[in-house]
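Let's take a walk through a protein model together. Have a look at the sequence and the 3D view, then read on.

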Amino acid sequence: MRSRLTLRQLRYVCEVARLQNVLAASRALGISTSSILAAIDAAEHEAGTRIFNRFPAKGIRITPAGSRFVAAAARLLAAETEFARATSDISARIPDPLRI
């Protein structure tokens, strides 16, 4: 099954998991809380389970399924970072074509 989540949405979910707080994650990322909540909703829909439990006045806590989801998302984001690094290394080593 092909995921419809974006890397940006995965970053948002990972940041919420790291900080365990939606408002803190939105501030750290410089985006609105509604964008964070939309990413969480999309991820939970895609995963078919809750990633976070929400507790009024206590914030947000990751579920066991959410821990697995976030671990997989973190691996994907690390691979994306490595891909970007590798491709920039390649382009830095390829000389510009010689024009005469």
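First, some ground rules. This is a predicted model, in which local features need pLDDT of at least 70 and side-chain atom pairs count only at pLDDT 80 or more, while totals for chains, interfaces and linings use all residues. Residues are numbered from 1 along each chain as its sequence is written, and side-chain values use heavy atoms, with hydrogens and water left out.

**How confident is the predictor?**

The score to know is pLDDT, the predictor's confidence in each residue, from 0 to 100. Here the protein has a mean pLDDT of 90, and 90% of its residues reach 70 or more. Helices in this report are DSSP runs (H or I, at least four residues; strands are E, at least two), numbered from the N terminus. Confidence is highest in helix α1 (residues 7-19), at a mean of 97, and lowest in helix α4 (residues 64-93), at 89.

**Charged pairs**

Side chains of opposite charge can pair when their charged atoms come close. A salt bridge is counted when a side-chain nitrogen of Lys or Arg is within 4 Å of a carboxyl oxygen of Asp or Glu. How many salt bridges does a search of the whole structure find? The search turns up five. Here are some of the pairs:

| Pair | N to O distance |
|---|---|
| Arg11 and Glu80 | 3.0 Å |
| Arg18 and Glu15 | 2.7 Å |
| Arg85 and Glu82 | 2.9 Å |

Start with Arg11 and Glu80. Arg11 sits in helix α1 and Glu80 in helix α4, so this pair ties together parts that are 69 residues apart in sequence.

Now for Arg18 and Glu15. They are three residues apart in helix α1, so about one helical turn separates them. Is Arg18 buried or exposed? Arg18 has a relative accessible area of 56%, so it counts as exposed, whereas Glu15 is buried, at 14%.

Arg85 and Glu82 are three residues apart as well, about one turn of helix α4. Arg85 is partly exposed at 45%, and so is Glu82 at 42%.

There's also a network of salt bridges, which links Glu44, Arg50 and Arg54.

**Where α1 meets α3**

Helices α1 and α3 pack with their axes 9 Å apart, at an angle of about 100° (axes are lines fitted to C-alpha atoms, for helices over the stretch in contact, and angles run from 0 to 180 degrees between N-to-C directions). That makes α1 roughly perpendicular to α3, a label for angles of 65 to 115 degrees; under 35 is roughly parallel, over 145 roughly antiparallel and the rest oblique.

Which residues make the contact (heavy atoms within 4.5 Å)? From α1 come Gln9, Tyr12, Val13 and Val16, and from α3 come Ser35, Ile36, Ala39, Ile40, Ala42 and Ala43. By class, that's eight nonpolar, two polar and no charged residues. Nonpolar covers Ala, Val, Leu, Ile, Met, Phe, Trp, Tyr, Cys and Pro; charged covers Asp, Glu, Lys and Arg; the others, Gly among them, are polar.

**Sequence versus space**

Glu46 belongs to helix α3 (residues 33-47) and is buried, at 17% relative accessibility. Glu46 and Arg4 are 42 residues apart in sequence, and their C-alpha atoms are 7.6 Å apart in space. Arg85 and Ala43 are also 42 residues apart along the chain, with 26 Å between their C-alpha atoms.

Key. Buried means under 20% relative accessible area, exposed over 50%, partly exposed in between (1.4 Å probe, protein chains only). Contact means heavy atoms within 4.5 Å.
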